[in-house]
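Hi,

Here is the structure I promised to send over. Have a look, and below it I've put what I found.

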Amino acid sequence: MTNRIDVTVFCSRKSKQRFLSTFEEQQPGAWHCIKNLPLEPAPLMEKLKFKLRGQGRGATQSPSLNSISGDLFYDLPCPFCENACLVHCGSCGSLSCHPTASGEFHCPVCKRCGVINSELRDLSGKTSKYQGRRKQ
């Protein structure tokens, strides 16, 4: 079986836009983005619930979430602005697209800003419903 995980990503240039990225483990520890599916704009109340659920530092995750770690290859750009990198906010825990994955970062969810200081090596999300057999 091919392992896949879906993660929600916010567009950094169009803060009300978000999309679902599906990552597939194509080799052990090597996760590639294989699909970006635009989602409906996130209403303000959903953003507030996301922040209140404690998705930031020290948050406990529900049992329905899975985590992956290893080499992450973001092979497809953001469907809204064509940014080709992912950034994880250290304050609220959200993922968003970014043009270079270096330098300054402005979170589209919590509006905090800072400097990107490390490579993204792990993700949390829901097990993808698109599980399938690994190509031989």
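Start with phenylalanine 23: leaving out residues up to four places away in sequence, it is in contact (heavy atoms within 4.5 Å) with Asn3, Arg4, Ile5, Val7, Trp31, His32, Cys33, Ile68, Phe73, Tyr74, Leu86 and Leu123. A caveat before you read on: this is a predicted model, with local features needing pLDDT of at least 70 and side-chain atom pairs counting only at pLDDT 80 or more, while totals for chains, interfaces and linings use all residues. Numbering runs from 1 along each chain as its sequence is written, and side-chain values use heavy atoms, with hydrogens and water left out.

Phe23 also turns up in the largest nonpolar core, which has 18 residues; Phe23, Ile68 and Leu123 have the most contacts inside it. By core I mean buried Ala, Val, Leu, Ile, Met, Phe, Trp, Tyr and Cys residues joined through side-chain atoms within 4.5 Å, buried being under 20% relative accessible area with a 1.4 Å probe, protein chains only. At least two residues of this core come from each of β1 (4-10), β2 (18-27), β3 (30-39) and β7, and β1 gives the largest share, three. A second, separate core has nine residues, including Phe10, Val87, Phe105 and Val109.

Val87 has its bridge partner in β7, serine 96. Strands β6 (residues 85-88) and β7 (residues 95-98) pair antiparallel over four bridges (pairing takes at least two DSSP bridges). They make a hairpin with six residues between them, and glycine 93 in the turn has a positive phi of about 85°.

Cheers

Terms used
Buried means under 20% relative accessible area, exposed over 50%, partly exposed in between (1.4 Å probe, protein chains only).
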